[in-house]
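Dear colleague,

My notes on what was found in it come after the display.

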Amino acid sequence: MIADLLTVVLVVAGLAFFAAGTVGVLRFPDVYTRLHALTKADNLGLGLVIAGLLFQADGATGVLGLLLVWALVLASGTVVAHLIAQRTRTHGAFESADREPATRDPEEGGG
Amino acid sequence: MSAVLFVFDVMLLVGIGGVAWHCLTSTDLFRAVVLFIALGLLLSMAWVRLEAPDIALAEAAIGAGVTGALLLITLERLKHLEALSPTGRDPEHSTGSSAGRALLSGVVIALVGALGLLLIRALLAQPGQAGLQPLVDAQMHRSGVDNPVTGVLLNFRAYDTFLELAVIVLALLGAWSLGRHESVPARPVPGPMLPGILRFLTPVAIVTGVYLLWAGTHGPGGAFQAGAVLAAAGILIVLGRPRRLPIAPDQPLRLGLVAGVALFLGVGVHGLLFGPGFMGYVEPWAYWLILAIEVAATLSIALALVALFIGGRPHEEDR
Amino acid sequence: MSLFLAAAATFLLFTVLLGLVRVLRGPGSGDRMLAAQLFGTAGVAIVLLLGFALDAPALIDVGLVFALLSAVAAVAFVRQQRLPEPGDGGAGEGERGPTMREGSDDR
C-alpha cells in the first residue's frame, strides 16, 4: 500500500521532469540551453521513474537490474551531453539560427 | 487497461508512420539518419507490444545502435569522397518532368494501397487459432532449453538460423570485395571525457553481451542479440582509436568469422551421421550443442558486424 | 497499479513524440542528436514502465540495451568530422578542432 503510493508519487514526479525537459528541448533558443533541459530529463526524470519502480520490483535481480540501468544512463547521459556541447563549440561556434550569432572565439581561426 | 494500451498502440503506429515518412523524404541526410535511429527505437517498442522481447532486443541493438553508427560513419565517408572529387551534382534537383513524377507517384501509391488492402483482408480472413504455440510447447522438453524462442531458432528450425549466419558472412564478403579499408581520421576530441566514457561503456557492453548470450537459454536473449551488443562494444573500441585502427591478425579474424557457420555445419553433419538426420541433435546433448553453437555464432556475428562497420578489407601490407 | 504504469508509459510516449520535432527542425546536428538522446532515455523509461505494467521483467534487459546503444550512437556522432551543418557551402567542413590536419578542406 505504502509502496504503491510511493511509486505513484515518484513516477508522476519523473513524468513531470520528462515533460519539462521536452518542453525545454523544444522551446529553448540554443543548443547549449537545450542540452541543459535534456540532462534534467535524463537524470531527474529517469531517476525518479526508476526510484518509483524500485518499489514494484520483485527480488534482488529486479532491483539490481533497475539500479544498473540507472547508473548507466546517469554516466552515459551526462558525458554525452558534454561531448555534444563540446562538438558544437569546437565545430565553429555554430549558434542556433533563432538569435544573433555570438562573436566567435578568437583562437578558433577565421572563417 | 486495454483502452490505455490501445491509445499507446495508436500513438506508436502514428509515430512509426510519421518518423518513417520524414526519414524517407528528408533532403538532409544527417536528419534522415537520426530519424532512422529514432525509428529503430520505436520499432523496438512495437516488438515489445507484440510480446516479442527477443526481437525487441535485436531491433534495439542492431537497428538503432549498430546500424545508426554505421550510417553516421557512411555519411562522413560520403562527405570525404565528395570533398576529394566533387561531382557538382545538386542532390535536390531531380531529373524528369514533374508530370511524369506525379504519374509515377500515383501508380506507386495505388499499388501500395492495393497491397495493403490485400494484406488486411488476408489478416482478417485467418481462421482463429492459437498458432504454433501448442505444437512448440508440446515438444519443448526435447529441445534442451527453456526459452521457446531459442528452442525454435536453434533446434526445431536450426536450418534457417544456420542459413542466416551464412548470409551475414556472405554480406561481409560482399563488403570486403568492394575494396580495402581506407582510414578516415576521426575528429579529435580533447579532454578526458571521451576516453573515460569509453573505458566505462566498453566493459559494460561486453558483460551485457555475455549476459544476453547466457540468458538466451531461459529468457529473452540469444546469439543475435548478444552478438549485436558485443559488436557495439567493438564499435566503441574502433571509435576510440587514437590515430589508426589496431590491425587484427588475419588468420584468427577469418577463423572467428566462420566459426559460427562452421560449427553449425559440423553439428548438422554430425546429426546426419549419428542418427537424427541433418541438423538433428542427439537428444541428451541438445543443451550443450545449442550452447556451443550460440557461443560460436555470437563471436562470428560480433566480428562480422564490427568488420562491416570498419568497411573495407584489412590492410595486409601494413604489418 | 498496472493501469497507472501503462498510462504513464502512454503519456511519456506522447511527450517524446513531441520532442522529435526538434529532430525535424534542427537546425544544427547537435540539436538533432540531443533530441535522439532524449528519445533514447525516454525509451528506456517507457520500456521499464511497460515491463512492470505487463508483468514482463525481461524488459529490464531491453531497457539496458536501449541505454547502451543510444550511448554508442552518440559516441559515433561525436567522432564524425564532416557532418553537415546549416551554413555549409557544399563540400562540407574541414575539422576545426585544436589540431589542424593538412589536406583537410578549409573554407
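The notes below cover conventions, the chains, their interfaces and a few individual residues.

This is a predicted model, in which local features need pLDDT of at least 70 and side-chain atom pairs count only at pLDDT 80 or more, while totals for chains, interfaces and linings use all residues. Residues are numbered from 1 along each chain as its sequence is written, and chains are lettered from A and ligands numbered from 1 in the order in which they are written.

Chains A and B

Chain A has 3 helices and 0 strands, where helices (H or I, at least four residues) and strands (E, at least two) are DSSP runs numbered from the N terminus. Its elements therefore read α-α-α from the N terminus on. Of its 111 residues, 41% count as buried; a residue is buried if 20 or more other C-beta atoms lie within 10 Å of its own, exposed if 12 or fewer, and partly exposed in between, with C-beta atoms placed from the backbone. Contacts are counted when the C-beta atoms of two residues, placed from the backbone, lie within 7 Å. Among the contacts in chain A between residues at least 6 apart in sequence, 58% join residues at least 24 apart.

Chain B comprises 11 helices and 0 strands. Its C-alpha trace spans about 65 × 60 × 40 Å along the principal axes. Buried residues make up 34% of the 319 residues in chain B. For contacts in chain B between residues at least 6 apart in sequence, the share that joins residues at least 24 apart is 74%.

Helix 3 of chain B

Helix 3 (residues 53-84) of chain B has 32 residues and should span 46 Å at 1.5 Å a residue; its end C-alpha atoms are 45 Å apart, which agrees. The expected span is 1.5 Å times one less than the number of residues. This helix bends by about 30° at Thr67(B), the bend being the angle between axes fitted to the seven residues ending there and the seven starting there.

Interfaces

In the interface between chains B and C, 54 residues of chain C are in contact with 58 residues of chain B. Helix 4 of chain C gives the most to the chain C side, with 15 residues. By class, that side has 36 nonpolar, 11 polar and 7 charged residues. Here Ala, Val, Leu, Ile, Met, Phe, Trp, Tyr, Cys and Pro count as nonpolar, Asp, Glu, Lys and Arg as charged, and the others, Gly among them, as polar.

Between chains A and B, 7 residues of chain B are in contact with 6 residues of chain A.

Individual residues

Glu51(B) has a phi near 60°, a positive value in a residue other than glycine. Glu51(B) lies in the loop between helix 2 (29-49) and helix 3 of chain B and is exposed, with 10 other C-beta atoms within 10 Å.

Asp55(C) also has a positive phi, of about 55°, although it is not a glycine. Asp55(C) is found in the loop between helix 3 and helix 4 of chain C and counts as exposed because it has 9 C-beta neighbours inside 10 Å.

Pro314(B) lies in the segment after helix 11 (286-310) of chain B. With 17 C-beta neighbours inside 10 Å, Pro314(B) counts as partly exposed. Not counting residues up to four places away in sequence, Pro314(B) touches His181(B), Ile247(B), Ala248(B) and Asp250(B). The C-alpha atoms of Pro314(B) and Ile247(B) are separated by 7.4 Å, and the two residues are 67 residues apart along the chain.

Yours sincerely
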